[in-house]
Amino acid sequence: MRSVSVSSSRAACAAAFVLRASAGYQPLPLGELVAAPSAMAMHQLREESVVKIGSIGKGNVGGALTRLWQQAGHDVRAGGRDDSVADVAAHGDVVLLAVGAEAVEDVLQAAGPLDGKVLIDATNDIDAKFGSLAARVAELAPGAKVVKAFNATFAPVFDAAAQLDPPAHLVFCGDDEGAKKTVAGLISDIGMAPIDVGGLDQAANVEAFARMNISVAYGQGRGPQVYRFDTPQS
Ligand SMILES: NC(=O)c1ccc[n+]([C@@H]2O[C@H](COP(=O)([O-])OP(=O)(O)OC[C@H]3O[C@@H](n4cnc5c(N)ncnc54)[C@H](OP(=O)(O)O)[C@@H]3O)[C@@H](O)[C@H]2O)c1
């Protein structure tokens, strides 16, 4: 049972930002959208109930997700510049990468081999320098199962997510189905609805979508809850 404490005024404020999909909504070209399973269904899909997670970065994203995952019962250790990145990475079967794009290379070098671990890439390539930052992450951590997730929305949404009905969506992608199930569960655990947009070859689209989302949410002042997808009809 999740217990996320968000003030009602804050939740109402976040909810006010929600733009519900209109009848004329057309899916974004992010590959085939897969219906978001319920949080309960995702718990059943995952074999493990307590996930050991190391968060490289404890700022807006790493800090919020660490707190929310701990509240969901997971075993999370987070670290920043004053901590041992290797120790943080070693703690997790799942490693969250939550640093700025400019620090990605350094922290992955400091992390050491991440073979067999699920590596959640939450980073954003704000200046579009990389083509696909997730592809670079996968190059730097060749043994890891990279899943691009948590980058295409905003830290305030993570905190408000448990209060939003219908839940806010979160796009994610990756090549390893088992890793994606784990990450979909971790998305559900904070109260968001996971939207699987395909393999890691979709990461450049997810990153571009995140840049667009930043410009719409903050450039146009429409707020961090600006996107929702219709749930596909089966
Ligand atoms: N802010 C959002 O709403 C949001 C949403 C989705 C994705 N993102 C993306 O997620 C990433 C993190 O964003 P953020 O807003 O959380 O940034 P942030 O608040 O500035 O936090 C960055 C974290 O990275 C750590 N860090 C930086 N360089 C490091 C190094 N060399 N070794 C170890 N730790 C290092 C920092 O350590 P210290 O604690 O020591 O400073 C800090 O904890 C970015 O790529 C951003 O584009 C942001």
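How many bridges join β5 to strand β6 (residues 169-174), and do these strands run parallel or antiparallel? In this predicted model, two bridges link β5 with β6, and the pair runs antiparallel. Within this pairing, Val147 has Gly174 of β6 as its bridge partner.

The two strands belong to an open sheet of seven strands, arranged in the order β2-β1-β3-β4-β5-β6-β7, with mixed pairing. At its edges lie β2 (75-79) and β7 (193-196), each of which pairs on one side only. From one strand to the next, the twist averages 25°. Helix α9 (residues 203-219) packs on this sheet, where it touches β5 and β6. The direction of helix α9 makes about 150° with that of β6.

Strand β4 (residues 118-121) and β5 run parallel and are joined by four bridges, and Val118 has Lys145 as its bridge partner in β5. Strand β5 itself (residues 145-148) is covered on both faces. Lys145 and Val147 are buried on one side, and Val146 and Lys148 are buried on the other.

A parallel pairing is also found between strand β1 (residues 52-56) and strand β3 (residues 94-97), which are joined by four bridges. In this pair, Ile53 stands opposite Val94 of β3.

Definitions and conventions:
Residues numbered from 1 in each chain as written. Predicted model: local features only at pLDDT ≥ 70, side-chain atom pairs only at ≥ 80, totals over all residues. Buried ≥ 20, exposed ≤ 12 C-beta atoms within 10 Å, placed from the backbone. Pairing = 2+ DSSP bridges. Axes fitted to C-alpha atoms, helices over the stretch in contact; angles between N-to-C directions. Contact = placed C-beta atoms within 7 Å.
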